[in-house]
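Here is a walk through one structure. Keep the sequence and the 3D view open as you read.

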Amino acid sequence: MPFQISIGPNLRKSAFFDTTVQSGVQNFSVYNHMLIPGHFGDPEAEYDRLLNGVAMWDVAAQRQVELRGPDAGRLAQYLTPRDLTKTRVGQGRYVPLCDHDGWLINDPVLLKLAEDRYWLSVADSDIHLWAAAIGRERGWDVQVDEPDVSPLAIQGPKAVDVAAALFGDSVRDMRHFAFEETTLAGIPLILARSGWSKQGGFELYLMDSARGGDLWAMVAETGAPFGIGPGAPNDIERLESGLISYGADMRWQTARANPFEVGLSAMVSLEAGHDFVGRAALERIAAEGPARRRVGLVLDGRPTPPGHSVPLAMGDSMVGQVCEFAFSRRFDQTIGVGLVRADLVDIAEELTTVLEEGAVATRIAPLPFGKM
């Protein structure tokens, strides 16, 4: 019998909750203390729409942490090792956030709305508490809040056609991570060329939760000629594309990793000279070299994913962990991502993924998997 999630007041509903139910949602997960759709009854069709057509996702659980005030930029820069000095209003940046020991605690997209106003579009952790505490302890003039913002994603190769039908052909020229404040039939939102897939798309940051049903219906109606359908962020496509997933690939509470280990060294701007949380630790790691490296993995057969990370072994030695794996129809293989001892990455042989049902032969592959 499948498990069910009991919906109580501790789990918040999104602005699109009612319309996802009406659209046939069959499964929810929990993300940032909110319900987020898992699938709508036909995961293979949802995968096909993402790769070949267009899908719409309720990603309101991708919460925004707003930094507002004279020291908003100062706090934003202190939170991340990435140099933000050249970030313009209307531009997004993918930014790692670390604790004082250099461990990743989130990997949001930062949106600069004004010189004194920023959003951090966060993955699954309580960054608003972290940011508020640091700003207050530093004595900076900045207010940290969670605004009434609920993203709706349009993803897939036909997403640009749907966005153009909604907002006009100028959206075709938007650069990746660019955004603009606009309205749609009186609905206030920010339109961003972004999203958690490599298939291209947009995110509509709804700024009035009371209009969630209206926005969902408008996107569904406009997208109908292009075959749009509901879905959810797709774990298989993210594995194929090599996208990082905070919470799956690493999490502070269960599987800590630093930016150098997961391939984000280019976003650690030690040479920029600015101070930031974890600078001393990251300077040390940069000098010593990372202990592990994030890699792609190919597993023999079609083992059942356990829903949590598992050990990666070489002979009788544990040499890393397999963070997540799944069967890819596109590549007709079981693929995954993991963290492996850095000194073994180029020579690792006879690797096995250790599962309850037994060991599964595994080999290292380049990321993204399209390079295989």
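Rings of Phe, Tyr and Trp (its six-membered ring) count as a pair if their centres lie within 6.5 Å; planes under 30 degrees apart are stacked, those over 60 are edge-to-face, and the rest are tilted. With that rule, a search of the whole structure turns up four aromatic pairs. The model is a predicted one: local features need pLDDT of at least 70, side-chain atom pairs count only at pLDDT 80 or more, and totals for chains, interfaces and linings use all residues. Residues are numbered from 1 along each chain as its sequence is written, and side-chain values use heavy atoms, with hydrogens and water left out.

Start with the aromatic rings. A pair of them is described by the distance of the centres and the angle of the planes. Among the pairs is a stacked one, formed by Phe-17 and Phe-28. Their centres are 5.5 Å apart, with 25° between the planes. Phe-17 belongs to helix α1 (residues 17-22) and Phe-28 to strand β1 (residues 27-31), so this pair ties together parts that are eleven residues apart in sequence. Helices (H or I, at least four residues) and strands (E, at least two) are DSSP runs, numbered from the N terminus. Are these two Phe residues buried or exposed? Both Phe-17 and Phe-28 are buried. Buried means under 20% relative accessible area, exposed means over 50%, and partly exposed lies in between (1.4 Å probe, protein chains only).

Tyr-78 and Trp-140 make an edge-to-face pair. Here the centres are 5.6 Å apart, and the planes stand at 90°. This pair links distant parts of the chain. Tyr-78 is in helix α3, Trp-140 is in the loop between α4 and β10, and the two are 62 residues apart. Tyr-78 counts as buried, at 9% relative accessibility. Trp-140 is buried too, with a relative accessible area of 13%.

Now turn to helix α4 itself. This helix covers residues 127-138, twelve residues in all. From its first C-alpha to its last, α4 reaches 16 Å, close to the 16 Å expected at 1.5 Å a residue. The expected span is 1.5 Å times one less than the number of residues. Which residues of α4 are buried? They are Ile-127, Ala-131, Ile-134 and Gly-135. These cover an arc of only 95° around the axis, which puts them on the same side of α4. The arc is that of the directions from the helix axis to the C-beta atoms. On the other side of α4, Leu-129, Arg-136 and Glu-137 are exposed.

What covers the buried residues of α4? The cover includes strands β4 (64-68), β6 (97-98), β7 (104-106), β9 (117-121) and β10 (143-145), along with helix α3 (72-79). Contact here means heavy atoms within 4.5 Å. After α4 comes Gly-139, with a positive phi near 75°.

Helix α8 (residues 279-288) can be read in the same way. Its buried residues are Arg-279, Ala-281, Leu-282 and Ile-285. Seen down the axis of α8, they fall within an arc of 160°, so they line one face of the helix. The face turned away from that buried side carries the exposed residues Ala-280, Ala-287 and Glu-288. The buried residues of α8 pack against β6. Just after α8, Gly-289 takes a positive phi of about 95°.

Charged side chains come next. A salt bridge is a side-chain nitrogen of Lys or Arg within 4 Å of a carboxyl oxygen of Asp or Glu. By this rule the count is 18 salt bridges. One of them joins Glu-66 and Arg-68, at 3.2 Å from N to O. Glu-66 is buried at 7% relative accessibility, whereas Arg-68 is partly exposed at 41%. Another joins Lys-112 and Glu-115, at 3.1 Å from N to O. Lys-112 is buried, with a relative accessible area of 7%, but Glu-115 is exposed, with 56%. Asp-214 and Arg-211 meet at 2.7 Å, N to O. Shared partners also join Arg-238, Asp-249, Arg-294 and Glu-324 into one salt-bridge network.

Finally, look at charges over rings. A charge sits over a ring if NZ of Lys or CZ of Arg is within 6 Å of the ring centre and within 35 degrees of the ring normal. Arg-256 lies over the face of Trp-252, 3.9 Å from the ring centre. The charged end of Arg-302 sits over the ring of Phe-327, at 3.6 Å from its centre.
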